Amino acid sequence: MSSDLPVPSLATQVTTRWELAATEVHDALQQTLSVAFLGSASSGKDAAIRAIFGVDFGQVDPIPGSTEHVRVAAVDPERRLLVVNAPGFGDLRAEVQARAEEVLDHLDLAIYVVNCDGGATIDERRDLDKIRALNRPTLVCLNKIDLIRPNQREDFVRSTLVQLGVPADMAVVTAFDPLPQLSEEPIGVDKVLAWIHEHLTEGGKALLFAKNVRNKVAACEPIIQSAAKKAAVAGAIPIPGADATAVTAVQVKLISDLAAVFGRRIDKEIVLFILGEVLAGGSKGFVRWALEAAKAAGWLPGGQIVTVAVSGIGAVISGATTYGVGRATVTFLQRDGKMTGAELRDVFDASAFEYRQQADG
Ligand SMILES: Nc1nc2c(ncn2[C@@H]2O[C@H](COP(=O)(O)OP(=O)(O)OP(=O)(O)O)[C@@H](O)[C@H]2O)c(=O)[nH]1
Ligand SMILES: [Mg+2]
């Protein structure tokens with residue numbers, strides 16, 4: 001199949017998608033989301049909440065119906081992200097009333113924190129089985145891994161997962177509050193964020209979650225990764241002279257999502273600036289490489305788009321370009337828009353090539 005239709009300009013493509021993306025972001029952020037942090041005493045639930053949201057949960061006003069045992073509170077000023085902090089033992093619902101009970105009934109996701117130092121117990125196994133019976137995405141955090149000797153960690157993790165009856169893809173190794181002499185920063189938060197992003201699939205709730213994460217750059221990474229994946233299978237390649245409407249749609253949504261994580265509004269002109277700068281030819285960077293790679297794979301300007309796009313090289317170009325656009329946008333947001341086109345292109349090129357290398361390796 002070849003396309004004889006004129007290629008729509010970038011401005012036209014962005015204008016078409018922009019409003020839709022803005023509406024989707026707005027709707028996503030109007031929802032509410034409930035996440036529970038469960039686990040036995042001192043396993044690190046409060047440390048997890050602090051590492052992820054940057055909130056001292058003990059200082060936040062609980063919502064009515066909370067008890068000392070089962071604390072429910074919002075971590076954001078708009079009160080859209082409700083967090084449950086409770087031991088896993090017993091019947092949580094019997095403990096709370098009113099609003100807090102409703103939150104438990106509408107749980108979107110559960111995080112079960114286990115203290116590695118000492119291994120899992122029978123009570124924890126029983127507890128976790130009960131939580132899994134709720135049929136919500138449940139992630140097990142094997143916490144305080146810093147306290148296990150590095151050469152024993154692998155065996156330790158494997159046997160703890162067997163004790164808990166949990167498959168490896170349901171667990172992440174963490175240290176939410178490591179001993180300062182072992183690590184300055186919490187360990188494993190990036191993996192927790194990636195897992196949550198992948199499992200909060202309903203109606204843009206992953207975006208609502210990401211918006212409330214303390215480390216904005218880390219929160220953006222899974223959003224960029226999944227947009228890159230989407231672009232890679234979109235069946236279009238974003239190179240000058242090709243119709244890349246499908247990929248542009250993914251990228252416009254990506255830029256809108258990233259802005260939302262940073263709590264910013266981005267207008268259409270800024271999207272055009274970012275995409276225009278990074279995707280414009282004339283640079284010696286990734287776009288040039290992509291053009292040549294596409295030509296080598298048989299692409300002619302104005303033709304054979306689909307053939308090349310479904311080939312491996314088309315997927316790499318689309319994925320890498322989208323990844324680069326995402327990283328450039330994050331830097332742009334971090335610097336509050338104080339960035340030249342050349343600086344944007346530098347970040348774009350470095351990130352797009354990095355993605356390509358990973359795709360190759
Ligand atoms: N070394 C180490 N200590 C941790 C880690 N996470 C939490 N801790 C420590 O473990 C203790 C308990 O942590 P919390 O976050 O209060 O645990 P919790 O689950 O909220 O405890 P309760 O509310 O009492 O059930 C604190 O002293 C933390 O500093 C970790 O990853 N590594
Ligand atoms: Mg606590």
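Trainee: Where do Asp 257 and Lys 253 both lie?

Mentor: This is a predicted model, so keep that in mind as we go. The two residues are 4 apart, about one turn of the helix. Their side chains meet in a salt bridge, 2.9 Å from N to O. The element that holds both is helix H10, residues 245-261.

Trainee: Is Asp 257 buried or exposed?

Mentor: The cut-off for buried is under 20% relative accessible area. Asp 257 has a relative accessible area of 11%, so it counts as buried.

Trainee: And what does Lys 253 count as?

Mentor: Here you need the band between 20% and 50%, which is what partly exposed means. Lys 253 has a relative accessible area of 23%, so the label is partly exposed.

Trainee: How many salt bridges does the structure hold?

Mentor: For the structure, the count is 12.

Trainee: Which helices hold Glu 354 and Arg 327?

Mentor: Their side chains meet in a salt bridge, 3.8 Å from N to O. The pair links distant parts of the chain, 27 residues apart. Glu 354 is in helix H15, and Arg 327 is in helix H14.

Trainee: How do H14 and H15 sit, oblique or parallel?

Mentor: Their axes come within 7 Å and cross at roughly 140°. That angle makes H14 and H15 oblique. The crossing is right-handed, and the word you asked for is oblique.

Trainee: What is the handedness of the crossing of H1 and H11?

Mentor: The axes of helix H1 (residues 10-29) and helix H11 (residues 268-279) come within 10 Å and cross at roughly 135°. That makes H1 oblique to H11. As for handedness, the crossing is right-handed.

Trainee: What is the relative accessibility of Ile 317?

Mentor: Ile 317 is found in helix H14. It counts as buried. Its C-alpha atom is 13 Å from that of Gln 251, 66 residues apart along the chain. The relative accessibility of Ile 317 is 0%.

Trainee: How far apart in space are Ser 318 and Leu 200?

Mentor: Ser 318 has its place in helix H14, and at 1% relative accessibility it counts as buried. Ser 318 and Leu 200 are 118 residues apart in sequence. From C-alpha to C-alpha, the distance is 25 Å.

Trainee: What separates the C-alpha atoms of Val 330 and Gly 39?

Mentor: Val 330 is found in helix H14 and is buried, with a relative accessible area of 5%. Along the chain, Val 330 and Gly 39 are 291 residues apart. Their C-alpha atoms are separated by 34 Å.

Trainee: Which residue with positive phi follows H12?

Mentor: Helix H12 covers residues 286-296, and its buried residues include Phe 286, Val 287 and Leu 291. After the helix comes a residue with phi near 110°. That residue is Gly 298.

Trainee: Which residues make the nonpolar surface patch of about 240 Å²?

Mentor: One member, Leu 179, lies in the loop between strand S6 (171-173) and helix H7 (189-199). At 35% relative accessibility, Leu 179 counts as partly exposed. The patch is made by Leu 147, Leu 179 and Leu 182.

Note on methods:
Residues numbered from 1 in each chain as written. Chains lettered and ligands numbered in written order. Predicted model: local features only at pLDDT ≥ 70, side-chain atom pairs only at ≥ 80, totals over all residues. Heavy atoms only, no water. Patch = residues over 30% accessible without salt bridge, like charges linked within 9 Å, V, L, I, M, F, W, Y side chains within 5 Å. Areas by Shrake-Rupley, 256 points an atom, 1.4 Å probe, with all protein chains shown as cover. Salt bridge = Lys/Arg side-chain N within 4 Å of Asp/Glu carboxyl O. Buried < 20%, exposed > 50% of the residue type's maximum accessible area, 1.4 Å probe, protein only. Axes fitted to C-alpha atoms, helices over the stretch in contact; angles between N-to-C directions. Parallel < 35°, antiparallel > 145°, perpendicular 65-115°, else oblique. Left-handed = near helix turned anticlockwise from the far one by under 90°.
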